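Student: Let's go through this one together. Please keep it brisk.

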Amino acid sequence: MNKETGKEPKACADSLLDDFALINRKAEEHGLDDAFTAAAAPSLKAVSEAMKISPVQAALLALLLERSGSDAASLEGIAQAVHCGKIQAMKYLDDLEALERRYLIAGTNRDLSDLLSFTRQRDNSGSRVYTVPLDVIKAIRAGTAYRYTAYNNLTPDDFFETADNLLDAFTSRDIDRRRLDMEVKNLIMANRELAFTRELKAHSYGGTSAIVLLVFSCALLRDGRESIPLKTISVFTGGSFARRLQNEIQIGNHKLIKDGILEHDHDHGIADTEYYRLTEKAKETFLADVDPKHLGKLAGKSLIKADAITKRELFYPEKTQRRIAELSALLHEKNFGPIKKRLAGQKMRNGFACLFSGPPGTGKTETAYQIARETDRDIFLVDIAETKSMWFGENEKRIKAVFDRYHSLIKSISPAPILLFNEADAILGKRQELGDQRRGPAQTENAIQNIILQEMENLDGGILIATTNMTINLDKAFERRFLYKIEFEKPDAEAKTAIW
């Protein structure tokens with residue numbers, strides 16, 4: 001202690017690194033026996049005091065710091081380094097777990113069966129490989145004690161973004177189930193005032209239910225995916241526990257089902273026991289404080305804000321210009337509201353489906369953007385490629401999820417955004433004959449088109465714009481459902497002059 005200031009002197013960074021190096025070297029020479037303790041005593045004391053850990057934990061941390069990121073940073077590697085058997089080294093498991101709880105080391109399991117194991121049995125610990133996190137290394141280099149940064153006072157957006165990052169880290173095997181549990185628990189405990197965490201407490205949902213609900217919530221907020229297969233949920237629960245959870249969900253005995261938080265997805269009115277989704281009740285309560293205006297941030301690039309669209313001057317032939325101006329006027333909220341009421345009064349669907357057709361390069365897509373900007377409507381852009389899957393039956397669920405997402409946006413954002421199917425030829429073409437050679441693909445394409453046709457009938461105040469280069473391939477059923485059609489012709493002489 002400094003006699004003049006009465007304070008403990010700050011540890012020297014280089015000295016602390018030297019202490020770690022000496023501890024590692026002496027441990028390799030003597031093992032973790034009494035001779036090692038005597039030879040490394042000053043350094044053990046310095047590291048223990050600086051990192052607020054026991055001498056044994058200081059020795060283990062030094063050994064792992066030297067081997068961090070390699071297969072040698074494991075229980076087996078420690079045993080080899082200190083010249084003892086793996087069984088004898090198991091006496092250090094409690095200390096390794098203590099270092100993990102302090103976030104001084106991070107452990108992952110070597111193989112997938114261990115990674116997905118829900119249980120925390122000791123026989124899995126021998127296969128764990130440890131790393132020393134970068135923040136810990138920075139603290140050691142600075143000669144200061146490491147303090148774990150908690151997830152305190154996050155906004156709802158940041159809360160779900162953090163949760164999404166944790167789930168991604170788990171699926172990419174950067175963290176294991178144990179670390180995921182710890183991080184999610186800390187995330188929830190540090191943000192008790194949020195609607196999601198309040199509802200967890202109100203329903204008395206434990207760690208596994210919390211993770212399941214985070215999987216559904218993050219998928220919905222990130223990319224608008226409402227329907228999730230049970231096989232995906234099992235990745236985050238794992239092992240025999242996953243099978244039990246799947247069985248309880250499928251027969252309706254799980255608390256999440258009984259409480260009306262999760263429900264079966266539906267395929268043409270029939271419950272699909274392989275796919276599940278959050279109920280409207282769950283979205284209204286667990287996601288109550290997610291600002292609809294921030295959904296674009298969470299949903300990636302799918303939601304394009306009206307005020308983020310750059311103004312561009314476009315030139316068309318006179319007939320096309322007149323039709324575009326008319327449509328833009330109709331879609332202004334002051335005009336669109338009365339139009340919806342009149343349609344409803346005539347018992348007609350009050351959704352508005354528009355078709356932009358014409359050769360490539362005539363401005364169809366950019367016109368949709370400019371109409372959105374002028375009418376202050378966001379654009380929910382559908383990436384056709386992302387609605388296609390190699391798995392049979394998955395395409396239909398993806399396209400259904402697009403419309404489910406859009407209906408949620410209509411309820412939460414005013415004025416209603418525009419649902420834009422750009423280059424929609426691939427999904428709006430003529431329906432296929434179900435011959436023997438193409439029964440599988442044709443059946444899938446027809447099912448997708450039937451879903452879109454049904455959803456166009458039920459837009460319920462929404463606005464759909466589809467662009468296509470080839471109207472000759474358009475199915476007659478789609479043609480009848482577009483209330484407003486604009487044909488984009490190639491620029492005439494007057495338009496070309498204006499462009500130049």
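**Cavities, strands, helices and salt bridges**

Tutor: Start with the second largest cavity: its lining residues divide into seven nonpolar, no polar and no charged. Here Ala, Val, Leu, Ile, Met, Phe, Trp, Tyr, Cys and Pro count as nonpolar, Asp, Glu, Lys and Arg as charged, and the others, Gly among them, as polar. Before we go on: this is a predicted model, where local features need pLDDT of at least 70 and side-chain atom pairs pLDDT 80 or more, while totals for chains, interfaces and linings use all residues. Residues are numbered from 1 along each chain as its sequence is written, and side-chain values use heavy atoms, with hydrogens and water left out.

Student: Which residues line the second largest cavity?

Tutor: Phe 421, Ala 424, Leu 428, Ile 452, Leu 464, Ala 466 and Phe 482. A cavity is a set of points on a 1 Å grid over the protein atoms alone where a 1.4 Å probe fits but cannot get out, and lining residues have an atom within 4 Å of a point.

Student: What is its volume?

Tutor: The second largest cavity has a volume of about 30 Å³. Volume means the space filled by probe spheres set on the points, which are joined across faces, edges and corners.

Student: And how many cavities of 30 Å³ or more are there?

Tutor: The count is two.

Student: Back to Phe 421. Which way does it point from strand 9?

Tutor: Phe 421 and Leu 419 point one way from strand 9 (residues 418-421), and Ile 418 and Leu 420 point the other way. All four are buried. Buried means under 20% relative accessible area, exposed over 50%, partly exposed in between, with a 1.4 Å probe and protein chains only. Strands (E, at least two residues) and helices (H or I, at least four) are DSSP runs, numbered from the N terminus.

Student: What stands opposite Leu 420?

Tutor: Leu 381 does. Four bridges join strand 8 (residues 379-382) to strand 9, and these strands run parallel. In strand 10, Ile 465 is the bridge partner of Leu 420. Strand 10 (residues 463-468) also runs parallel to strand 9, joined by four bridges. Two strands pair if DSSP finds at least two bridges between them.

Student: New topic. What should helix 10 span?

Tutor: At 1.5 Å a residue, its 16 residues (156-171) should span 22 Å, and the end C-alpha atoms are 23 Å apart, which agrees. The expected span is 1.5 Å times one less than the number of residues. Arg 173, with a positive phi near 70°, follows helix 10.

Student: How many salt bridges are there?

Tutor: The count is 13. A salt bridge is a side-chain nitrogen of Lys or Arg within 4 Å of a carboxyl oxygen of Asp or Glu.

Student: What does Lys 26 pair with?

Tutor: Glu 29, with the closest N and O atoms 3.7 Å apart. Both lie in helix 1 (residues 13-30), three residues apart, about one turn of the helix.

Student: Which side chain meets Arg 67?

Tutor: Glu 28 does, at 2.5 Å, N to O. Arg 67 lies in helix 4 (residues 55-67) and Glu 28 in helix 1, so the pair ties together parts 39 residues apart in sequence.

Student: Is Arg 67 buried or exposed?

Tutor: Arg 67 is buried, at 12% relative accessible area. Glu 28 is partly exposed, at 32%.

Methods. On a 1 Å grid over the protein atoms alone, a cavity is a set of points where a 1.4 Å probe fits but cannot get out, and a pocket is an open set with protein on both sides within 12 Å along at least five of seven lines; lining residues have an atom within 4 Å of a point.
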